[in-house]
Amino acid sequence: MKEINVRDIKESVVKLIANDWALLTAKDGEGCNPMTVSWGGIGELWGKDTATVYVRESRYTKRLIDNEKYFSLCFFNDTEKDALKFCGSKSGRDFDKIKETGLAAVYDENAPYFEQAKLVLICRKMASRLLDESSFIDEDIMQKWYSDHDMHTIYFAEIEKVLISE
């Protein structure tokens, strides 16, 4: 992997997140737990290059992110789609996702990531906010996405390092 500037990312970050998905990964003791995400954004906020991610209250990964200052977002080629499907449908409470998927974790000084990734963002949390029912102006959003009231927390993070596969 080599380090690049976030502004040198060649691919559409909208496509990367929405279509290709990413693994949001945080430390879990001596190991880590990845969670597949397909909602988020990359842009500028507070004079910094930032990533935003959304994690439901019920997710195992939420506790990990809440306890850590850093997390990674890893994007992959299509060859890892099955691993992303597994990490999005199984809980780290019940499975060792690294063992089950065969992904190879690399432990950066701040956040774990995966050597199979084509693009890695190492992110430092700056703020978070629970989206509650009063957050929504469009009432259809609550009915469509939150009928079970399992709300998301949005995390705002500075992108401190960008790595691409060589």
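**Lysine 118 and the spaces in a predicted model**

Q: In which loop is lysine 118 found?
A: Helices (H or I, at least four residues) and strands (E, at least two) are DSSP runs, numbered from the N terminus. In these terms, lysine 118 is found in the loop between strand E8 (112-114) and strand E9 (119-130). This is a predicted model, where local features need pLDDT of at least 70, side-chain atom pairs count only at pLDDT 80 or more, and totals for chains, interfaces and linings use all residues. Residues are numbered from 1 along each chain as its sequence is written, and side-chain values use heavy atoms, with hydrogens and water left out.

Q: Is lysine 118 buried or exposed?
A: A residue is called buried under 20% relative accessible area, exposed over 50%, and partly exposed in between (1.4 Å probe, protein chains only). Because its relative accessible area is 15%, lysine 118 is buried.

Q: Which residue's side chain makes a polar contact with the side chain of lysine 118?
A: A polar contact is a pair of N or O atoms within 3.5 Å; within protein, one must be able to donate a hydrogen and the other to accept it, and residues adjacent in sequence count only if both atoms are side-chain atoms. At 3.1 Å, the partner of the lysine 118 side chain is the side chain of glutamate 11.

Q: How many charged residues are in the lining of the largest cavity?
A: Asp, Glu, Lys and Arg count as charged, Ala, Val, Leu, Ile, Met, Phe, Trp, Tyr, Cys and Pro as nonpolar, and the others, Gly among them, as polar. Beside three nonpolar residues and one polar residue, the charged ones in this lining number four.
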